[in-house]
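Here are a few exercises to work through with the model open in your viewer. Try each one yourself before reading the solution.

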There are 4 protein chains.
Amino acid sequence: MARPADLHAKLDLLRAAEEVFVDRGLDQARIDDITSRAGKSKGAFYLHFESKEDAFRQIVESLLARLAACMEDQPVLDADWLRRWHEKDQEILQFMWQNRKLVRLVMAGGKSADFAFLIDDFANRACKQLQEFFGRAVEAGLFRADLDVEIVATGVSGAYDRVIRDLVLTDARPDFPHIAAQLQRFVLGGVATPSSSVQFGSLSWPATVPAVKK
Amino acid sequence: MARPADLHAKLDLLRAAEEVFVDRGLDQARIDDITSRAGKSKGAFYLHFESKEDAFRQIVESLLARLAACMEDQPVLDADWLRRWHEKDQEILQFMWQNRKLVRLVMAGGKSADFAFLIDDFANRACKQLQEFFGRAVEAGLFRADLDVEIVATGVSGAYDRVIRDLVLTDARPDFPHIAAQLQRFVLGGVATPSSSVQFGSLSWPATVPAVKK
Amino acid sequence: MARPADLHAKLDLLRAAEEVFVDRGLDQARIDDITSRAGKSKGAFYLHFESKEDAFRQIVESLLARLAACMEDQPVLDADWLRRWHEKDQEILQFMWQNRKLVRLVMAGGKSADFAFLIDDFANRACKQLQEFFGRAVEAGLFRADLDVEIVATGVSGAYDRVIRDLVLTDARPDFPHIAAQLQRFVLGGVATPSSSVQFGSLSWPATVPAVKK
Amino acid sequence: MARPADLHAKLDLLRAAEEVFVDRGLDQARIDDITSRAGKSKGAFYLHFESKEDAFRQIVESLLARLAACMEDQPVLDADWLRRWHEKDQEILQFMWQNRKLVRLVMAGGKSADFAFLIDDFANRACKQLQEFFGRAVEAGLFRADLDVEIVATGVSGAYDRVIRDLVLTDARPDFPHIAAQLQRFVLGGVATPSSSVQFGSLSWPATVPAVKK
DNA sequence: CATGAATGAGGGTTCATTCAT
DNA sequence: TATGAATGAACCCTCATTCAT
């Protein structure tokens with residue numbers, strides 16, 4: 001038999017590559033950094049990957065695939081939808097935090113020019129999914145009829161995005177239920193007190209606010 | 001004494017550098033690309049900039065300075081605060097859109113490993129400012145007392161961030177007042193209909209939602 | 001003004017490249033060998049050539065162009081053709097010897113797999129030209145009617161080829177008129193004495209020679 | 001004891017190596033190409049050969065040994081020499097054509113810098129043998145006394161060389177007796193018609209042709 | 001003997017920066 | 001000040017060879 005394949009080799013290299021990519025970005029990462037960190041030879045790298053970009057792609061696609069699996073099922077607006085939304089959010093936040101190094105990397109688009117589309121594509125798909133859901137919620141009378149679904153769904157996905165960006169920066173386990181609840185409540189009811197809300201509404205706001213002219 | 005020829009050369013180079021950086025990112029941008037686009041020599045580039053990174057820094061700092069000027073004054077919670085918030089938002093959206101190429105670049109962290117901190121720093125400062133404002137609004141009884149200011153302000157800044165990221169992708173002039181109004185109303189009152197909101201509230205939601213255990 | 005182009009740079013590099021290619025062949029030649037021999041930097045090489053292969057091509061094409069110029073005019077079968085053939089041969093032999101290093105290189109096909117076609121193509125063209133000339137000489141009754149022009153012209157071009165291969169190996173100036181005369185006489189009249197020739201002919205040779213069976 | 005499995009493996013590798021060397025030349029041939037074509041492992045290759053060059057040497061030496069065996073016996077100038085020459089030539093042409101792939105390879109010097117000497121050495125030895133024979137033929141009065149044996153023997157070996165180079169390019173079985181006869185007749189009697197030959201001779205040609213001065 | 005994963009030196013090429021004019 | 005040819009360090013990738021099984 002041949003020298004047996006080091007079954008850990010590819011995993012070691014992926015782990016090391018992930019770290020180096022996170023530290024330095026795709027362009028600035030050197031194969032030498034990766035292989036020496038993995039305790040492997042340069043040749044070993046090319047045994048498992050076509051190129052530096054290939055390694056990066058494999059890492060990112062793996063993350064996005066797992067993430068998509070986490071997010072794929074369309075929410076249903078049944079009686080229990082709020083609770084399930086809440087739980088789903090917790091799951092997603094938890095997944096992100098557990099993969100925080102990688103998520104940081106991907107959220108930065110690999111810190112390279114050619115891979116920003118990865119996160120953009122993903123964010124766009126997530127946003128589209130949210131818009132679709134918002135549309136159904138408006139039709140069901142659950143969400144305001146005057147909602148510009150495109151803008152607000154974009155805003156909501158941005159809110160999640162930013163909170164997650166913060167989340168993945170800390171190594172201390174965050175309070176997922178609390179964060180999910182705050183986000184959910186914020187998205188549903190906004191920041192204002194109910195009385196203020198009512199008041200703002202009665203002012204037929206913001207229709208009377210004149211536009212700033214260019 | 002400023003020499004006009006000089007300034008013109010530097011401006012040409014800055015403009016060209018901005019374009020190339022936007023197209024290719026910091027790491028992938030070549031000095032040759034910049035100088036040939038500017039119709040200048042490579043020597044000229046190094047007369048005005050210490051290095052490629054220096055040129056990038058100057059470009060970004062200039063944008064952030066102008067942006068900070070746009071955002072610096074602390075909002076006051078007087079009778080007219082909603083209208084002024086609305087107008088300020090329109091100004092910011094407009095500024096971002098007018099500088100959309102550059103904003104795209106900076107929001108991508110220069111597409112390099114070493115400059116992501118620029119946008120992160122800026123986002124953090126903006127977020128801190130927002131948190132501070134939210135705190136005051138809670139104290140004033142305008143915003144809900146149960147708001148976790150840190151989380152929600154982060155979410156709100158993320159919402160703006162994402163909407164702006166979308167904004168700067170289009171060359172067609174967006175409807176700033178509409179976008180600003182939608183955002184403001186969303187942030188203040190959320191997405192749910194008032195009746196739903198009340199209903200959700202009466203369920204003492206989401207306090208009773210059990211946390212997802214890891 | 002810019003630092004002025006070193007007008008000798010490309011020539012120095014070509015000369016050095018020629019030497020290194022001759023010594024080591026295309027594949028084994030290292031850019032470092034070439035540039036250090038030329039007293040130039042590696043970058044200088046890529047200032048003048050696309051790649052190692054490009055430099056090789058330029059060197060070879062230059063030689064072949066000059067050689068083709070030497071051989072291009074079709075010989076005319078007038079009263080003086082023998083003398084002009086003789087003189088032309090001397091010129092060609094001389095040209096080859098003067099460029100002996102390069103000719104050695106090209107005759108070895110660059111000692112690489114991908115450029116053998118260069119010399120093959122050239123040899124084929126030369127051979128075709130010779131066949132055409134032989135055909136006319138046969139029609140004019142100057143050459144034997146039983147000549148298989150294709151085979152014999154190939155043989156003749158091979159004879160010249162080999163003599164030239166020998167020629168370019170020596171640094172001592174060869175006796176061109178003598179060599180040209182010997183070749184010409186050999187080609188015209190062969191090696192046998194006239195009396196033998198007649199004798200061979202009378203034996204209706206070689207028609208009666210039985211073929212070796214496979 | 002020879003182990004059949006072994007010998008088979010080595011033969012497979014030699015065959016594959018021959019093919020790869022023919023296709024790509026020594027430098028560009030990859031051990032992987034050879035072993036995968038042979039259906040063997042890389043390790044197996046190094047069980048049988050010291051190095052890539054060693055394999056190449058073995059292949060070439062085997063061919064040259066067989067070829068030398070074909071050419072070794074000195075021709076005797078007895079009454080039947082012409083017929084034996086003719087037959088010998090047919091044998092050689094046939095051998096070359098049957099080993100045409102390998103012959104192509106060797107004639108290209110392995111398409112590498114370091115093995116051109118192989119074919120050169122062989123050609124030189126063949127040429128020396130021919131010169132020696134020509135010398136004897138001149139002494140015997142069969143060949144012209146004014147023959148510069150060194151030059152003309154070189155030319156003749158070149159003629160054979162080139163014809164053989166053409167021969168090994170075709171996969172259609174050539175007409176060996178015809179080719180051998182054409183070559184022999186050309187070498188003995190040249191290309192010119194007997195009448196022309198006599199005429200050229202009476203002009204005391206080419207002694208009166210003036211040399212081209214450098 | 002056979003395997004083929006692992007090794008790592010080697011070299012072609014790029015491009016930020018320098019500097020002679 | 002302006003130019004752009006020249007520089008050479010840096011780095012990705014290849015592939016001949018080794019060796020653990």
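**Exercise 1.** Which are the buried residues of helix α2 (residues 31-38) of chain C? Once you have them, work out how they are placed around the helix and what covers them.

*Solution.* Keep in mind that this is a predicted model. Start with the burial test: a residue passes if 20 or more other C-beta atoms lie within 10 Å of its own. In α2(C), the residues that pass are I34(C), T35(C) and A38(C). Next, look around the helix axis: these residues span an arc of only 90°, so they sit on the same side of α2(C). Now ask what lies over them: the cover includes α1 (7-28) and α3 (42-48) of chain C. Finally, step off the end of the helix. Just after α2(C) you reach G39(C), which has a positive phi of about 70°.

**Exercise 2.** Describe the make-up of chain A: how many helices and strands are there?

*Solution.* Count the elements to begin with: chain A has 10 helices and zero strands. Reading along the sequence therefore gives the pattern α-α-α-α-α-α-α-α-α-α. Then turn to burial, where 39% of the 214 residues of chain A count as buried. Last, take the contacts in chain A with a separation of 6 or more: 61% of them are accounted for by residues 24 or more positions apart.

**Exercise 3.** What rotation and what shift superpose chain A on chain B? Say what that tells you about the two copies.

*Solution.* First, the general idea: two copies of a chain are related by a rotation about an axis and a shift along it. Here the rotation is 179° and the shift along the axis is 0.0 Å, with an RMSD of 0.4 Å. The two copies are thus related as by a two-fold rotation axis. To find your way to that axis, go to G190(A): of the residues of chain A, G190(A) comes closest, at 1.9 Å (C-alpha).

Conventions: Residues are numbered from 1 along each chain as its sequence is written. Chains are lettered from A and ligands numbered from 1 in the order in which they are written. This is a predicted model: local features need pLDDT of at least 70, side-chain atom pairs count only at pLDDT 80 or more; totals for chains, interfaces and linings use all residues. Copies are superposed by least squares on the C-alpha atoms of residues with pLDDT of at least 70 in both. A residue is buried if 20 or more other C-beta atoms lie within 10 Å of its own, exposed if 12 or fewer, and partly exposed in between; C-beta atoms are placed from the backbone. Helices (H or I, at least four residues) and strands (E, at least two) are DSSP runs, numbered from the N terminus. The arc is that of the directions from the helix axis to the C-beta atoms. Two residues are in contact if their C-beta atoms, placed from the backbone, lie within 7 Å.
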